[in-house]
Amino acid sequence: MAIEIKEYVGHEFVTVNQNTTDLKNLSESNVQTYIDDDSLMVEIESIHSRITRNNTYYSPECLKQSVPYWTNPYERPVIMHHNERDGQIIGRIKAVEYKESGTRSGTPALIFTANVGDEEGKKGIKNGTLSTVSIGVIAHDLRCSICGTNLAEEGMCEHEKGEVYDNKLCYWIINKMEPKEVSYVIVPSDIYAHNIRVYDAVKKTKSEVKEKVEYNPFTELAESIKNTLSTDLEEGKDTQEGKQVDEEVKDGEKTTEPVEPETKEPETEQPESKDNEGESKEDNQSEEEKDSEDNKSEEEEASKEEVEDSKEDEESKKVLKEKDAKIRF
Ligand SMILES: [Zn+2]
């Protein structure tokens, strides 16, 4: 007995009659496969050791032990929405790595290197519409977190996963599993199960691909880019630009007090001109003696001069004006 699990939200867990498969050669598949030049390689953090939205939890040991099974005795397919009956295979898992730390979730995870040859699949992965995944596995050792019953062997206990008993969440601990496939899904149960790197394939044997995974210099870079992006999202673009302008003005004038920007002018792209900093410095100094009407006309004058001097076009005049307006606060 075993329980079939698919890590997308909405999956109905079913008991299946399947015994554990014993593999003779766990370290290396003897199937030599080649990768087509026109295909796509995609690295995926496919499952993490943390409680999922399905209230399942894969122990780190379970993830580690499953590694050879993903490519042995055959490379497990990459499909769509777990449609393993009449759906299309879009690719194959070429290599699997167990990663203890430095993952998207910060917890142990399995990293797949998949090769995708299907045209629609390549398109979706490249444009990002195919990005979240869910693994399909058969669990042979699956325990209730409350009472420890092996549900795959002994059948259901009195507890229901997702319910709370004496302030303890009931979830299923998966200690042994056999892989079936990995699917691109709309709502993944593991919220961190996501593509992490996409690149064009070059003709390589499987062992060469594995090597590439082991010495991947891009993992750190990808992580730092990701962190930068998430910081930008948190702080907001406006705040970031406001900060930058603030610093520019401070550098130019060597003011001691940091000043908060108060202007409500719409933000546009900043021209990166040294002249501009000089202009805004002058404007800023004269600002206190004048009301906002005067400021506006002076702004226009300053911008006009600037434009005449530099022979800028109409559009850049507008941008310069707005930059002045923004720096004056
Ligand atoms: Zn139980």
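**Chatting through a predicted model**

Colleague: Let's start with V14. Is V14 buried or exposed, and why?
Modeller: V14 counts as exposed, because it has 10 C-beta neighbours inside 10 Å, and the cut-off for exposed is 12 or fewer. Keep in mind that this is a predicted model.

Colleague: OK, and where is V14?
Modeller: V14 is in strand β2, which covers residues 14-16.

Colleague: How far apart are V14 and A2 in space?
Modeller: Going from C-alpha to C-alpha, V14 and A2 are 8.6 Å apart, and in sequence they are 12 residues apart.

Colleague: Let's zoom out. How many helices and strands does the protein chain have?
Modeller: There are nine helices and 12 strands in the protein chain.

Colleague: And what percentage of the residues is buried?
Modeller: Buried residues come to 30% of the 329 residues in the chain.

Colleague: What about contacts between residues 24 or more positions apart? What share do they have?
Modeller: If you take the contacts in the chain with a separation of 6 or more, 74% of them are between residues 24 or more positions apart.

Colleague: Now the largest nonpolar core. Which residues have the most contacts inside it?
Modeller: Those are F112, A139 and I174, in a core of 46 residues. Strand β8, residues 133-144, gives the most to this core, with seven residues.

Colleague: You mentioned A139. Which residues is A139 in contact with, leaving aside neighbours within four places in sequence?
Modeller: A139 is in contact with A2, I3 and I5, and also with A152, I174 and M177. A2 is the residue we talked about with V14.

Colleague: Changing topic: what kind of peptide bond joins N72 and P73?
Modeller: A cis one, with omega at about 0 degrees. P73 sits in the loop between α1 (60-66) and β5 (77-80).

Colleague: What's up with phi in N55?
Modeller: Phi of N55 is positive, about 60 degrees, although N55 is not a glycine. You'll find N55 in the loop between β3 (40-48) and β4 (56-58).

Colleague: And H82, what is its phi?
Modeller: H82 has a positive phi near 60 degrees, and H82 is a residue other than glycine. H82 is in the loop between β5 and β6 (89-99).

Colleague: Last one: is H82 buried or exposed, and why?
Modeller: H82 counts as buried because 21 C-beta neighbours lie inside 10 Å, and the cut-off for buried is 20 or more. N55 has 16 such neighbours, so N55 counts as partly exposed.

Definitions and conventions. Residues are numbered from 1 along each chain as its sequence is written. This is a predicted model: local features need pLDDT of at least 70, side-chain atom pairs count only at pLDDT 80 or more; totals for chains, interfaces and linings use all residues. Helices (H or I, at least four residues) and strands (E, at least two) are DSSP runs, numbered from the N terminus. A nonpolar core is a set of buried Ala, Val, Leu, Ile, Met, Phe, Trp, Tyr and Cys residues joined through C-beta atoms within 7 Å. Two residues are in contact if their C-beta atoms, placed from the backbone, lie within 7 Å.
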